Amino acid sequence: MIRNYIKTAYRSLLKNKGFTILNVLGLSLGLASCLLIILYVVDELSYDRYNTNADRIYRVNEDLKLGENNVLYAVCMPPLAQALKNDFPYVENAVRIKNAGSMHVKKGATNILETKIALADPSLFNVFTLPMINGSPATALAEPNCVVITESISKKYFNRTNVVGETLKLNDSWYKIAGVIRDIPAQSHFNFDFFISMSSYPDSRSTEWLRSDYNTYVLFKDAIDHKKLETALPAFLNKYSGEQMQSELKMSMAAFEKGGSFFRLNLTPLTDIHLKSNRTGELGPNGTVQYVYMFSAIALFILLIACVNFMNLSTARSANRAREVGVRKVLGSSKKYLIAQFLTESILVTLVATIIAFITAIALLPAFNQLSGKEIAINSQTLTWLIPVLLAIVLIVGAMAGSYPAFYLSAFQPIDVLKGKLSAGFKGSGLRGFLVIMQFSISIFLIIGTLVIYNQLNYIQTKNLGYNRNQVLIVQNTFELNNQAKVFKQEIKQLPGVINATLTGFLPTSNWKNTSIFFKDAAFDQKKALFPQTWEVDEDYIKTLDMKMASGRSFSSQMLTDSSGIIINESAAKFLGLKDPLNKPLYRSKGGKQDISNSKEYHVIGVVKDFNFSSLRDVISPVVLVLAHNTGALSIRVNTKNLPALLSQMKEKWKALSPNVQMNFSFMDQDFDASYRTEQRVGKIFIVFTSLAIIIACLGLFGLAAYAAEQRTKEIGIRKILGASVAVIAGLLSFDFIKLVFIAMLISLPAGWFLMNKWLQDFAYRVNIQWWVLALAGFTAILIALITISFQSIKAALSNPVNSLRSE
């Protein structure tokens, strides 16, 4: 019986090649798009799940509120990890990781800049699953001046992996290679190539409990033990930090919290870090769960449109199969066998479409990876879950998309069908209208989403950020020059085409961040505390970055008193409630938040206009600029048409001072663009899949237009005989569909405005959704519908009425 169903289905599909091709094309496009999005979502959700004990690993975070300042840290105190192991028996292990930044690694006569370097405790390999291919995990990081490297780094520097016992020079220090691990999977919230033993860093032995420097992770003996620790953390923190808080803040933890401030610890599950954590001190850029929800919704929308498309195209040729149904029923076929026959056809089409979709997805995966910035690969591990998913899609989509045609066609009464009384059965179907409304509601919503995302990205690119990022070249590694950095700056400033230069690593587009505590008076009232970004800059900083002063002046090398002068931004002045902050004193803790009793007095010499130094998702926070020597980077404002020649001169100046180290540089505008690369990629992906969704929806509309024309063939013939023009008939056929598109607009325009406005709320600085965005989305939908319908409408209007009426 099943074989007969398949054979009959095959013949029927082959007989109607045009509709079969459209069915397969629409479904395969929809399924291929859905499959790519599924791979993207699965990749995002799989972060850190390669760890065998992922469900038992948590990161300890620190939340600090001082006065009106609230900061969320992903880092904690130096002695925390050991204290947790000592105090709580259900903590199986703990490990600290500290991002060590960039270092030069010596290879032969050259020095190569490496950026993925971290310090780690010996327990790293007991907590995280990092398979070691050479060396002993138990002892690899136990001694000072040892380093564990990844397999790719081992091959890069030694062309082999059996390198335990070899040495590497990182900056000015030699380290013994104690182990080689496999490359960390891309789906990890940290991805380092070098792990230096924590004991190599003297600060790691610090006993200070009022500072935050180390990412700390705990491995519990049981997955539910984290609840016990969360309950115990307040008392634990008070036990260890209370004494230092009393001596340095001159108050107890209770008094500190009574004043409206707090100092707390909390936990984040390892598998939540990538999508649900955006704290200060993260070990790498994280994603956002909102985009996972967004793309999951798009996948669902596309799948729904593809299924609706299938239904519409199937019903479009139902009139041709009505007599077949009538004959089958007269010959004794029951309704259930007819349903089985039509469902078999549907599942067969879905199977073919799924195979084509799978092949298409594999072919498009490299392009999709480039578009999304992913490294997704379909391997044996992927296939273990992908094949069952594909089989489920075949059955579910096949049954869902084929159910309406199957039950609809099988319900025909044979006597009506064989007498030609089909019109009554085909007219007035509310379901078909609903399907069109649903298709175009989704399409219009996606168009609105695309326009809003595009406008927001354009706003980010063109917004006045409070500094000029164009024509600024950044030499990233001037710290390598040590005392020669100032000499290099002065020589660069003498070059033709160089307007100015500033020497500091604290830039609006860099990851350098530093906070300090400032007080309005020497009494250190926490309610009057300021917890700003505190950046060390030189006297050329404001001019080089083309920042604007709201009042006062910039630093000057001629003013010796500027060593105790500071420049604050407008947000800091507003936060402090100072209408005229010039020459007002501020008191800064010399040792940071761990040494508030020992402070230095500063006076405000200027107020710089607010500038964006973090994501436009965040409100501009207070910033304090202090005059200090910082060699982190050299930013150079240039004005030349021959940039290659200027770069060549800069490299010559660099080589004269540091012949063995390569000068690394970037451009500030490119660094800025890189910080919004996620949003840019999301925008491009949104546009691509919106376009595909609209194409698939048009295929469904094309099918319905064909269905309507087929149903009204005799009516059209009579109207033409009575003198109706082609334009009148085409308009008559189009009106019903355009009416449905208007209804879809009434549903989708307010829904699209509401949901996209909610998405924009994540940006502190954002565009408003203008009326023309909604109007353009609606107009585009109507235009697409008209173009799609017009082909079938005009074709029907131009048909010869003799052919449609000869049997009457």
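In which handedness of crossing does α16 pass α19? Right-handed. That is, the near helix is turned clockwise from the far one by less than a right angle.

Ground rules. This is a predicted model, where local features need pLDDT of at least 70, side-chain atom pairs count only at pLDDT 80 or more, and totals for chains, interfaces and linings use all residues. Residues are numbered from 1 along each chain as its sequence is written, and side-chain values use heavy atoms, leaving out hydrogens and water.

Back to the helices. Helix α16 covers residues 485–493, and helix α19 covers residues 643–657. Helices here are DSSP runs (H or I, at least four residues), and strands likewise (E, at least two). The two axes come within 10 Å and cross at roughly 155 degrees. Axes are lines fitted to C-alpha atoms over the stretch in contact, with angles from 0 to 180 degrees between N-to-C directions. So α16 and α19 are roughly antiparallel, a label for angles over 145 degrees.

Who touches whom? From α16: Phe 488, Glu 491 and Ile 492. From α19: Met 650, Lys 653, Trp 654 and Leu 657. Contact means heavy atoms within 4.5 Å.

Now the aromatics. The count is 24 pairs, with ring centres within 6.5 Å (six-membered ring for Trp). Take Tyr 58 and Phe 220. Their centres lie 5.6 Å apart and their planes sit at 75 degrees, so this pair is edge-to-face; the cut-off is over 60 degrees. Tyr 58 is in strand β1 (residues 57–66) and Phe 220 in strand β10 (residues 215–220), 162 residues apart. Both are buried, meaning under 20% relative accessible area (1.4 Å probe, protein chains only).

Conventions
Parallel < 35°, antiparallel > 145°, perpendicular 65-115°, else oblique. Phe/Tyr/Trp six-rings, centres within 6.5 Å; stacked < 30°, edge-to-face > 60°. Buried < 20%, exposed > 50% of the residue type's maximum accessible area, 1.4 Å probe, protein only.
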